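Please read them alongside the coordinates.

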Amino acid sequence: MKNMKKSWPTIYVGLVLALSAFFAGAADPTVVPEGPKQTDHKKYDGYSIILSGNWQGQIEPCGCTEKQQGGIDRRTETINIIAPEPKSRLVLDAGPLIDKFDRQNQLKFDTFLRSMKVVGYDAVALTAGELKLLYEHTVDLEASLRPSIICSNMSQDKLSGFSGVRYLQRELDYGGKKQSVVVIGLSDGYDSPAGEEMELIEPVSAVKSIVSELGLGKGDEVLLICLTQGDQDELLASLKGVEAIDMLVCRGVGDEPVINDRTETAVVCDLGVLSKYVARFAVAAGVKPDIKQFRLDAVPVHSSFNLDKAVVALMDEYQMSMRVENLIAEKIDRLGLEAGNQFAGSASCGNGPECHGEIYEKWSQFKHAQAVPTLVAVNRDYDPECMECHTVGLRYESGYRSVQETPELAAVGCEMCHGPGMFHNEYPTEPYREIFTSCEDCHNDYHSPEFKEKREEYFEKIKHWEGEREYWD
């Protein structure tokens with residue numbers, strides 16, 4: 001039995017890869033959309049510190065509208081354009097990668113780390129919850145297949161359990177000029193149950209201990225970078241007081257990376273949300289690091305950059321894993337509906353002349369009616385995060401499960417907006433819910449960045465009513 005257990009991951013991965021090749025979508029993911037290359041941020045004559053973070057699980061843009069930024073699969077070319085020499089750059093991620101811990105996000109976390117290795121990330125800092133996936137071998141990933149995991153506020157004894165390090169030491173080389181760099185990564189959640197289990201310690205004490213251990217101090221020629229997911233004012237204020245830190249990187253709240261502070265000894269950078277940009281810090285070569293001269297470029301990970309085919313293969317494996325495990329039908333949490341109501345499908349709304357036949361026929365011509373085939377074409381029809389916005393009621397007990405089991409719910413149907421229809425079918429003269437789901441649940445700033453400004457234009461595309469109507473908020 002022991003040998004069988006060891007062989008199962010190999011068998012599983014082989015099955016995933018075989019099925020992935022068989023079920024590959026019709027669309028070619030390596031086709032680059034039309035548009036200019038984003039080459040405004042060109043190579044810098046010096047060292048480059050490349051930073052990202054705060055992904056919130058957005059491993060790729062949803063792709064439902066054009067010109068979306070972000071994702072892991074276009075990042076390789078982005079980085080290679082702005083910092084083409086690996087020996088003169090350091091590529092770091094401050095985390096977090098995921099913000100949920102269900103089965104899909106466990107698979108996503110694995111894909112994130114593998115992809116970051118391919119892209120060329122040197123190290124990543126993780127939250128307590130993410131570390132726990134490695135610590136408990138929920139995600140059992142060889143160290144050679146992922147970047148270095150830095151956790152400066154965990155003991156090395158605990159870190160050795162998943163090949164993590166307390167800090168990273170590197171020497172950058174630009175034209176023979178050298179620069180020593182030390183990277184510290186702090187995990188938040190040290191006071192949470194997960195943190196206590198892994199014996200995470202208070203971050204500032206951990207930083208001071210490493211600074212003392214390495215003999216670093218104010219004015220040192222070693223560049224000390226501190227990565228933290230913390231956004232607490234008290235924590236940041238304390239870290240700013242550690243004079244050896246030259247660059248303090250924290251999770252941002254805005255759209256793109258910014259320098260939000262420069263102290264006497266450190267530059268403080270917010271990385272923005274959803275990792276739609278990489279932050280490139282330019283550091284002069286051959287001189288003592290001067291934080292007053294550090295320049296930040298916020299470089300968009302734009303849809304015009306080429307996809308990395310090796311990362312695309314990992315993304316395909318991730319999608320096939322969700323297909324093989326049948327996450328939508330078997331492994332997502334579902335809610336009940338009020339008073340036992342159920343979804344009935346759009347066809348039931350157009351059932352006969354006494355119902356909404358004309359409206360149903362009109363809806364059948366909308367793109368909403370073809371929402372599932374658009375995902376089948378790009379091999380995303382087993383991804384719960386995609387299918388939630390392309391089907392009816394996926395997060396509910398009587399909602400979509402599969403094209404075979406619930407074909408009547410395989411579209412953005414009537415009940416997506418108006419709510420479950422079983423009671424309305426049984427008692428058609430009773431008042432029916434006007435709005436069930438807000439448009440912005442799917443057409444949010446990330447998926448549909450133009451929706452708010454063009455709400456009326458969008459509604460014209462799905463108009464199936466007569467007379468004046470307020471465009472729902």
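The numbered points below concern a predicted model.

1. The structure holds 1 disulfide. Its partners are C389 and C442, with sulfur atoms 2.2 Å apart. The link is left-handed, at -100° about the S-S bond. It joins distant parts of the chain, 53 residues apart: C389 sits in the loop between α13 (384–387) and α14 (414–418), and C442 in the loop between α15 (422–426) and α16 (455–461). C442 is buried, at a relative accessible area of 18%.

2. C64 takes part in no disulfide; the nearest cysteine sulfur belongs to C62 and lies 3.8 Å away. The cut-off for a disulfide is 2.5 Å between sulfur atoms. C64 is partly exposed, with 49% relative accessibility.

3. For C226, the closest cysteine sulfur is that of C250, and the separation of 9.5 Å is too far for a bond. C226 is buried, at 0% relative accessibility.

4. Strand β2 (residues 89–93) is largely enclosed by the rest of the structure, because 5 of its 5 residues are buried. In a regular strand, side chains alternate between the two faces of the sheet. Both faces of β2 are covered: R89, V91 and D93 are buried on one side, L90 and L92 on the other.

5. β2 pairs in the parallel sense with strand β1 (residues 47–52) over 5 bridges, and D93 in β2 is the bridge partner of S52. β2 also pairs in the parallel sense with strand β3 (residues 123–125), over 2 bridges; there A123 in β3 is the bridge partner of L92.

6. Together with helix α3 (residues 103–119), β2 and β3 make a right-handed β-α-β unit.

How values were computed. Residues are numbered from 1 along each chain as its sequence is written. This is a predicted model: local features need pLDDT of at least 70, side-chain atom pairs count only at pLDDT 80 or more; totals for chains, interfaces and linings use all residues. Side-chain values use heavy atoms; hydrogens and water are left out. Helices (H or I, at least four residues) and strands (E, at least two) are DSSP runs, numbered from the N terminus. Buried means under 20% relative accessible area, exposed over 50%, partly exposed in between (1.4 Å probe, protein chains only). Two strands pair if DSSP finds at least two bridges between them. A crossover is right-handed if, with the strands pointing away from the viewer, the path from the first strand over the helix to the second runs clockwise.
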